[in-house]
Amino acid sequence: MQNENSEKRVDRRTFLTYLNFALGGFISVALGIPLVGSLVLPTLKQREAIWSPAGPIGDYPLGQPKAATVTVTIRDGWIERQEAKGIWVVRNSQEGFTVLNGRCVHLGCAYSWVESQKEFLCPCHAGRYSLDGKVLSGPPPRPLDNLEWRVEGGNLMVRYQDFRLGIPQKEVA
Ligand code: FES
């Protein structure tokens, strides 16, 4: 009889031990998943620098900067989405272009061309750039970011990339 009771006690103790382990394991997994995710996901998150069409080259008048939009694919883990990105295109010759990322290199504001002053102006902190993207005045630490381009079948193709803001060197973001 005494033996039976002690067996029951041992069973209950064993059960509680298992339960303790199970709860401990559950808590570890629950806390571990976000931690592992935060370490692994940034490596999966990437912006693919693909070639995107920016329209027929005939749309771009010689010597006149023109704003355009390209679509880029962003891979975030297993999720893929498309985003429209602003660029500025300057046609220098029949088949020669300067293509600029549409973000001001200071803090990323959208800048625009001011025809009366023949320069790009950023409204956020009055950064000024020349037609070819050189800094004329203000806080921008480097020239506007040039993008790779090519002409394919009469269309302008642009390899869109974002670069780190606020630093003197051009580094892919
Ligand atoms: S964001 Fe353009 S000058 Fe500051």
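Tutor: What follows begins with the core and its strands, and then turns to the aromatic rings.

This is a predicted model, so local features need pLDDT of at least 70 and side-chain atom pairs count only at pLDDT 80 or more, whereas totals for chains, interfaces and linings use all residues. Residues are numbered from 1 along each chain as its sequence is written, and side-chain values use heavy atoms, with hydrogens and water left out.

Two terms are needed at the start. A residue is buried if its relative accessible area is under 20%, exposed if over 50%, and partly exposed in between, using a 1.4 Å probe and protein chains only. A nonpolar core is a set of buried Ala, Val, Leu, Ile, Met, Phe, Trp, Tyr and Cys residues joined through side-chain atoms within 4.5 Å. In soluble globular proteins, nonpolar side chains tend to be buried together.

The largest nonpolar core here has 16 residues, and those with the most contacts inside it are Ile87, Val89, Val99, Leu156 and Val158. Strands S3 (66-76), S4 (79-93), S5 (96-101) and S11 (155-159) each supply at least two residues of this core, and its largest share, 4 residues, comes from S3. Strands (E, at least two residues), like helices (H or I, at least four), are DSSP runs numbered from the N terminus. Apart from this core lies another, of 12 residues, among them Val90, Leu100, Cys109 and Leu144.

Leaving aside neighbours within four places in sequence, Leu156 is in contact (heavy atoms within 4.5 Å) with residues including Pro53, Ile57, Tyr60, Val89, Phe97, Val99 and Arg150.

The bridge partner of Val89 in S5 is Val99. In a regular strand the side chains alternate between the two faces of the sheet. Both faces of S5 are covered, with Gly96, Thr98 and Leu100 buried on one side and Phe97, Val99 and Asn101 buried on the other. Because 6 of the 6 residues of S5 are buried, this strand is largely enclosed by the rest of the structure.

Now for the rings. Rings of Phe, Tyr and Trp (its six-membered ring) pair if their centres lie within 6.5 Å, and planes under 30 degrees apart count as stacked, over 60 as edge-to-face and the rest as tilted. The structure holds 7 aromatic pairs. Tyr111 and Tyr129 have ring centres 5.9 Å apart and planes at 45 degrees, so this pair is tilted. The pair links distant parts of the chain, since Tyr111 is in the loop between S5 and S6 and Tyr129 is in strand S8 (residues 128-129), 18 residues apart. Both Tyr111 and Tyr129 are buried. Trp113 and Phe120 form an edge-to-face pair, 4.9 Å centre to centre with 70 degrees between the planes. Trp113 counts as buried at 14% relative accessibility, and Phe120 is buried with a relative accessible area of 0%.

Technical notes. Pairing = 2+ DSSP bridges.
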